[in-house]
Amino acid sequence: PGLDRFATSAAWAEIAGDPAHPQYLLVGLLAEFGLGADDVGDFEQAATSSRAARLHLVSQALLPATLTDSWRALPRADGEALAGISRYDCLGPEHEALTVALLLRRKLEEPGATAALITPDRELARRVVSELRRWRVDIDDSAGVPLGRTPAGAFLRLVLDMAASHLAPVPLLAALKHPLAAGGMAPEALRTLARRLEHKIRGPRPAPGFAGLRAALGQQAELRRLVGRIETCLGELPALLAAPEASLAELATAHIAAAERLAATDRESGVARLWREAAGESAALFCHGLLDAARGFPPLAGRDYPALFDALTAGAAVRPTYGRHPRLAIWGLVEARLQQADLVVLGGLNEGTWPGPVAFDPWMSRQMRAEFGIPLPERAIGIAAHDFVQAMGAPEVALTRAARRDGAPTVPSRWLLRLDAVLRAVGLDGRLGPDPEIAAAAELCDEAATRRPLPRPAPRPPVTVRPRKLAVTDIEMWRRDPYAIYAKHILNLKALEPLDADPDRADLGIAIHRALAEFVRRFPRGLPAHAERELLELGRHAFGPMLSRPGAWAFWWPRFERIARWFVGEETARRGALSDSLSECKGSLAIAAPGGTFTIEATADRIDRRVTGELEVIDYKTGAVPRKPEIDAAIAVQLPLEGAIAAAGGFGHAPVAVAALEHWRLGNGTPAGQREPAADEPQALIDRVLAQIVAHIARFDNPATAYQVVPREKWRPRYSDYTHLERLDEGEIE
């Protein structure tokens with residue numbers, strides 16, 4: 001099949017020594033028969049003139065390298081050789097899949113016509129299957145679906161992940177939220193409890209194992225019972241996975257039994273639910289094979305079982321037994337050799353995909369392989385080339401490739417590059433391109449018929465539901481982004497912490513604030529003899545479990561040590577002028593407003609009382625310090641409002657003058673800290689900022705005032721939990 005009818009005797013001689021040529025195996029077959037290529041006859045049905053011209057071009061394109069100088073003598077050709085063939089150099093894998101899907105979908109418009117995608121790229125095949133579903137066209141990849149991508153296979157792996165990770169939040173919740181999970185309950189009841197469990201364990205990872213999970217849940221009786229159910233379902237699997245040595249039979253048996261127990265409902269057994277339908281039957285056959293093979297497998301460490309299970313399931317596939325599309329198909333290279341279609345799409349034509357990489361033999365050289373009669377690695381390329389040539393004989397052919405993959409440019413298949421070279425030689429350079437209809441459809445497929453950008457939200461809730469009490473940090477956000485206050489305090493939308501969260505800069509700031517606050521609380525007047533040692537000890541308690549993480553210990557703790565050294569030095573110099581110091585002071589200030597009394601609340605990092613009776617209000621900053629224009633414009637209002645509360649006696653003392661407002665920048669530079677006054681005249685700044693905030697409150701007590709999204713771009717907050725709701729990147733309606 002596919003014998004080249006255009007090769008010359010010189011070409012046959014060269015092909016006999018070129019394993020990468022598509023005709024190499026046929027030369028060997030004819031030699032076994034004692035025949036030459038001219039001794040082979042043709043079927044009566046001859047190819048059309050256009051297809052014959054196309055196959056002649058392909059034959060020339062795949063000549064052995066030693067004969068490619070003959071391309072210069074090729075006669076000029078007309079466009080007949082390119083009839084029925086198109087080429088698509090797509091932007092990426094998604095664009096390629098959409099293009100292939102459009103080609104297949106269009107063929108359905110012709111009564112009785114058939115079409116097929118031929119590709120060794122299974123990822124492309126899966127993408128095409130998904131794209132065709134937008135037109136409700138169900139097509140199966142003949143290579144099947146990997147077992148790990150089926151419900152039963154995925155559930156088996158999730159149960160294993162949950163046990164092997166010592167109940168880490170992500171694998172735990174992934175297993176509990178799987179449709180097959182029930183744990184002896186109604187599936188919907190388990191999912192309800194799983195959602196409640198998720199809210200309890202968000203943030204840093206709990207301690208490992210069932211004991212750590214129970215400790216994180218506290219006295220939540222219903223959730224603790226859920227943990228008991230999970231422990232019963234997993235049985236001895238966690239212990240076996242933690243064992244230094246276990247038999248494969250024990251591990252596989254415990255794994256399968258745990259999955260069956262977790263899949264059981266209050267009405268149906270796990271066996272009935274887990275092994276049903278085609279995917280379940282394939283998973284059951286795989287597990288039976290695993291148990292049969294486990295008898296002869298040597299013991300292994302329990303922690304190695306998940307990797308072994310992954311490696312074994314990688315080669316298992318679930319193939320549909322019925323329901324294939326009658327006119328569309330996706331074939332691998334082997335299947336395509338014995339089947340035909342009116343339209344053939346050759347997809348994934350990039351080096352490394354079609355043809356795939358040459359196998360590397362670390363044990364035998366090429367000469368040794370030849371002497372032993374073992375085929376050279378290039379033979380696989382020759383077979384793939386023959387499949388390519390065979391497919392090029394279809395009535396209609398479309399060649400597709402992705403120009404980029406995973407962000408990196410790709411190299412076109414060597415056969416495409418050779419075909420381009422031959423087309424240039426015969427005067428057809430640039431003539432092989434995409435069908436304009438398909439190319440345009442691929443560009444417009446995901447474009448909306450009309451674009452109607454909505455204006456940014458500007459809600460105007462009644463004054464009765466608008467907040468009458470805000471913290472100073474919220475007032476700063478109110479000034480920068482009123483919509484964030486609407487979402488947080490009126491809609492009551494709160495951002496969830498991430499699962500299995502790593503400590504971030506906010507956690508670093510909290511730990512430093514906690515350590516400094518405790519130090520000032522313990523020593524409000526004089527300093528101890530070993531002040532730095534005391535502060536470092538308080539820091540260890542404040543950082544707590546974070547110091548068990550290598551990154552926190554290597555980067556954050558040395559930073560805190562430098563901050564502690566600077567802080568103690570600064571305290572030593574300042575304490576003589578102070579009568580006492582207070583930390584984490586809670587206070588409030590009531591303001592008369594049109595909508596009723598409005599209360600400003602604050603927790604000041606530190607308030608120092610001078611021996612003269614005046615106050616200094618200090619705010620620790622482990623991040624960026626507010627700029628002077630932000631302070632003067634009453635945008636960065638935290639420190640001035642804390643000063644206003646202090647001046648009014650809102651922190652639990654008599655009204656007294658505020659002599660200083662200072663930000664203490666605590667960073668990683670040299671020195672590790674720096675005092676930055678917020679204003680030369682603190683009282684003037686306090687009065688000015690307070691007046692603007694009073695006016696701001698009065699403005700929002702008017703029901704016509706909207707909670708706008710970032711009224712002034714220059715004061716846009718550095719971070720907001722509600723950016724995705726604010727549509728900042730959408731244009732306004734014209």
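Author: A term is needed before the first answer: helices are DSSP runs of H or I with at least four residues, numbered from the N terminus. The model discussed here is a predicted one.

Reader: In which helix is His489 found?

Author: The stretch to look at is residues 482-490, which form helix 22. His489 is found in helix 22.

Reader: Is His489 buried, partly exposed or exposed?

Author: Buried means under 20% relative accessible area and exposed means over 50%, with partly exposed in between. His489 has 27% relative accessibility, so His489 counts as partly exposed.

Reader: Which side chain makes a polar contact with the side chain of His489?

Author: Leaving out residues up to four places away in sequence, His489 touches Pro467, Leu470 and Asp474. The polar contact of the His489 side chain has a length of 3.0 Å, and its partner is the side chain of Asp474.

Reader: How far apart in space are His489 and Thr612?

Author: Along the sequence, His489 and Thr612 are 123 residues apart. From C-alpha to C-alpha, the separation of His489 and Thr612 in space is 41 Å.

Reader: How many residues of helix 22 are buried?

Author: The buried residues of helix 22 are Pro482, Tyr483, Ala484, Ile485, Tyr486, Ala487 and Ile490. What covers them includes strand 10 (469-471), helix 21 (472-480), helix 28 (682-700) and helix 29 (723-726). Helix 22 is mostly covered, and the buried count, out of 9 residues, is 7.

Reader: Which residue with a positive phi follows helix 22?

Author: Most residues other than glycine have a negative phi. The residue in question is in the loop between helix 22 and helix 23 (505-522), and its phi is near 55°. The residue that follows helix 22 with this positive phi is Asn492.

Reader: Is Asn492 buried or exposed?

Author: The cut-off for exposed is over 50% relative accessible area. Asn492 has a relative accessible area of 54%, so Asn492 is exposed.

Reader: What is the phi of Asp500?

Author: Asp500 lies in the loop between helix 22 and helix 23. Asp500 is not a glycine, yet its phi is positive, at about 50°.

Reader: Is the peptide bond from Trp354 to Pro355 cis or trans?

Author: Most peptide bonds are trans. Pro355 lies in the loop between strand 6 (343-346) and helix 17 (366-371). Omega of the bond from Trp354 to Pro355 is near 5°, and the bond is cis.

Reader: Are helix 6 and helix 15 roughly parallel or antiparallel to each other?

Author: Helix 6 covers residues 151-164 and helix 15 covers residues 305-313; their axes are 10 Å apart and the packing angle is about 165°. Angles over 145 degrees count as roughly antiparallel. Helix 6 and helix 15 are therefore roughly antiparallel.

Reader: How many charged residues are in the contact of helix 6 with helix 15?

Author: Helix 6 and helix 15 pack with their axes 10 Å apart, and their crossing is left-handed. The contact is made by Leu156, Arg157, Leu160 and Ala164 of helix 6 and Tyr305, Pro306, Phe309 and Asp310 of helix 15. Of these residues, 6 are nonpolar and none is polar, while the charged ones number 2.

Reader: How do helix 12 and helix 15 lie to each other, roughly parallel or perpendicular?

Author: Helix 12 (residues 248-263) and helix 15 pack at about 80°, with their axes 11 Å apart. Angles of 65 to 115 degrees count as roughly perpendicular. Helix 12 and helix 15 are therefore roughly perpendicular.

Reader: Is Thr150 buried or exposed?

Author: Thr150 is in the loop between strand 3 (145-146) and helix 6. Its side chain reaches the backbone nitrogen of Gly153 at 3.2 Å. Not counting residues up to four places away in sequence, Thr150 touches Val145, Ala279 and Val318. At 6% relative accessibility, Thr150 counts as buried.

Reader: Which side chain does a polar contact join to that of Glu14?

Author: Glu14 is in helix 1 (residues 9-15), and with a relative accessible area of 34% Glu14 is partly exposed. Beyond four places away in sequence, Glu14 touches Pro64, Thr66 and Leu67. The polar contact, of 3.1 Å, joins the side chain of Glu14 to that of Thr66.

Note on methods
Residues are numbered from 1 along each chain as its sequence is written. This is a predicted model: local features need pLDDT of at least 70, side-chain atom pairs count only at pLDDT 80 or more; totals for chains, interfaces and linings use all residues. Side-chain values use heavy atoms; hydrogens and water are left out. Axes are lines fitted to C-alpha atoms, for helices over the stretch in contact, and angles run from 0 to 180 degrees between N-to-C directions. Helices (H or I, at least four residues) and strands (E, at least two) are DSSP runs, numbered from the N terminus. Angles under 35 degrees count as roughly parallel, over 145 as roughly antiparallel, 65 to 115 as roughly perpendicular and the rest as oblique. A crossing is left-handed if the near helix is turned anticlockwise from the far one by less than a right angle, and right-handed if clockwise. Contact means heavy atoms within 4.5 Å. Ala, Val, Leu, Ile, Met, Phe, Trp, Tyr, Cys and Pro count as nonpolar, Asp, Glu, Lys and Arg as charged, and the others, Gly among them, as polar. Buried means under 20% relative accessible area, exposed over 50%, partly exposed in between (1.4 Å probe, protein chains only). A polar contact is a pair of N or O atoms within 3.5 Å; within protein, one must be able to donate a hydrogen and the other to accept it, and residues adjacent in sequence count only if both atoms are side-chain atoms.
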